[in-house]
Every structure is written in C-alpha cells, then in structure tokens.
Amino acid sequence: MHVPDGFLDGPTSVATAAIAAAGIGVALWRSRGSLDDRSAPMAGMAAVFVFAAQMLNFPVGAGTSGHLLGGTLAAVLVGPWTATLCITVVLVVQALLFADGGITALGTNVTLMAVVGVWVGWALFRAVGLVLPRRTGSVPVAAAIAAFLSVPITALAFVALYAVGGQAPIPLETLTTAMLSWHALIGIGEAVITFLVVGSIVGTRPDLVRGAAGRRPADLTRREAQVPA
C-alpha cells in the first residue's frame, strides 16, 4: 500500500498532503488529554505492533507493495483519533528511515492508511457492533470483520486517487484488479491477526480496549440475568 514517489501527479499529491495535515491536526486536537497512564502504553504498543507488521512488504505489481494495514486494530485498541496519530508516526518513520513509501507521497500514504484505513475500519467496527450482543466477546468479532472489509476499501481509495492523478504507465483496470485481489487476501490475514490481538487483550483487560467501552463481560451478563428481580 506504500505509494512511491512519482506514482501520482503533483496536484493529487498536494491535495492528499493537505488532507493528511488536516486529519493529523484534528486528531491532535481531539486526542489531547485523552492519554493517561493506562491508554498511553497501549498506544505505544499499537504503534510498535503496526510498525513491525507493516515492515513485511511484498510486491503486488504496478510498483506498489502490499502488507498489513493495522488501522482497524489500532482504532479498536486506542480509539480512532489516537490511532490516526499512531499510524502517522509509523508511516513517517518508515518513509524517513527505511525508504518505505516516497517522501513526496507521504501525504498520500498518511491519507490512505492513517485516515481512510483507520476511520473506515472504526466506522465498520461500530456498525457491526450494533448488530452483535453488547458483550466484550463481540468486540474481537466486530474488529475482525471491520479489519477484513477495511483493507480492500482502502485499496479502492488508492485506485480512486490513481484514477484522478496517476501518472504511471499502468492501465487503471490492471491496477484495480491487482489491488483488489491482493488486498482481499491481505484482508483475511488482517482479520485473523486483529481477532487474535483484540481477543487476547479483551479476554484479560477489557478496560484497556477502547472498542470495549460500555460492554460487559459475558459472565457478568449471565450472572445479572440469574439474579431474581
């Protein structure tokens, strides 16, 4: 998903940089004061995990690479505002120190993975959560479904940007087929990893998971149901 330099034209890169800057600014403003002794370590852990997962790149053709995104996972663990900042930090470090994604395409990569990937994943997680029982056991299931769907949707967002300002000699149909087919497979892996990570944390410390806020453990729910009125 890391877009290299020169893949999109100048106006499109400038536009995505502006979107990324606006998204980061709003995320900084909305997340100020929200990090405390419990949430700050979780945010750091989410950033480190996504960083490590995204370093496993493989080519998907047309000069781009595929890897786990981690946006939904981070959003469910620490909330979408902090997750936007976490993914942005990961992308900046990858671009500056590991040449993973172009410098001039940094705004595009932040827009795709830190804004679109995080917020699409969070919106899907909340939507799926509405139809599942309000128990902590439903959180990893909703997170996995959202993670699976968010990956090809983010890939489609990249294809839309390419349709507007792509300047590589690659037919749009070829790029669309490559991005959707590979990222559908990546989505399966992302769903499995998200389910396992969120499930393990929710199973031991649901109070640390932002997406589990307001949900009760199943054992408490059953216990309350057995209490006579």
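This is a predicted model: local features need pLDDT of at least 70, side-chain atom pairs count only at pLDDT 80 or more; totals for chains, interfaces and linings use all residues.

User: How many helices and strands does the protein chain have, and what makes a run count as one?

Analyst: The protein chain has 8 helices and 2 strands. A helix is a DSSP run of H or I with at least four residues, a strand is a run of E with at least two, and both are numbered from the N terminus. Along the sequence the pattern reads α-α-β-β-α-α-α-α-α-α.

User: Why is Pro80 called buried?

Analyst: Pro80 has a relative accessibility of 5%. Buried means under 20% relative accessible area, exposed means over 50%, and partly exposed lies in between (1.4 Å probe, protein chains only). Pro80 therefore counts as buried. Pro80 is found in helix H4, and its C-alpha is 6.4 Å from that of Trp119, 39 residues apart in sequence. Of the 229 residues of the protein chain, 46% count as buried.

User: Why is Ala99 called exposed, and what is its phi?

Analyst: The relative accessible area of Ala99 is 66%, so the residue counts as exposed. Ala99 has a positive phi of about 55° although it is not a glycine. Most residues other than glycine have a negative phi. Ala99 is placed in the loop between H4 and helix H5 (106-131).

User: How do you know that Arg205 and Asp207 form a salt bridge?

Analyst: A salt bridge is a side-chain nitrogen of Lys or Arg within 4 Å of a carboxyl oxygen of Asp or Glu. For Arg205 and Asp207 the N to O distance is 2.7 Å, and their side chains meet in a salt bridge. Side chains of opposite charge can pair when their charged atoms come close. By this rule the count comes to 1 salt bridge. Arg205 has 39% relative accessibility and is therefore partly exposed; Asp207, at 39%, is also partly exposed.

User: What makes a set of residues a nonpolar patch, and which residues form it here?

Analyst: Patch residues have over 30% relative accessible area and no salt bridge; nonpolar side chains (Val, Leu, Ile, Met, Phe, Trp, Tyr) are joined within 5 Å, and like charges within 9 Å. The nonpolar patch on the surface is formed by Val141, Ile145, Phe148, Leu149, Ile153, Trp182, Leu185, Ile188, Val192, Phe195 and Leu196, with about 930 Å² of accessible area together. Helix H6 (138-165) and helix H7 (172-204) each give two or more residues, and H7 gives the most, with 6 residues. That area comes from the Shrake-Rupley method with a 1.4 Å probe, where only the protein chains shown count as cover for residues.

User: How exposed are Ile145 and Phe195?

Analyst: Ile145 in helix H6 has a relative accessible area of 36% and is therefore partly exposed. Phe195 in helix H7 is at 37%, so Phe195 counts as partly exposed as well.

User: What makes a space a cavity, and how many of 30 Å³ or more are found?

Analyst: On a 1 Å grid over the protein atoms alone, a cavity is a set of points where a 1.4 Å probe fits but cannot get out; a pocket is an open set with protein on both sides within 12 Å along at least five of seven lines, and lining residues have an atom within 4 Å of a point. The search finds 1 cavity of 30 Å³ or more. The largest cavity holds about 60 Å³, a volume being the space filled by probe spheres set on the points. Its lining has 7 nonpolar, 2 polar and 1 charged residues, including Phe49, Glu190 and Thr194.

User: What is the volume of the largest pocket, and which residues are closest to its centre?

Analyst: The largest pocket has a volume of about 290 Å³. Of its 19 lining residues, Ser34, Ser39, Leu77, Val78 and Arg210 are the closest to the centre. H4 gives the most to this lining, with 3 residues.

How values were computed. Residues are numbered from 1 along each chain as its sequence is written. Side-chain values use heavy atoms; hydrogens and water are left out. Ala, Val, Leu, Ile, Met, Phe, Trp, Tyr, Cys and Pro count as nonpolar, Asp, Glu, Lys and Arg as charged, and the others, Gly among them, as polar.
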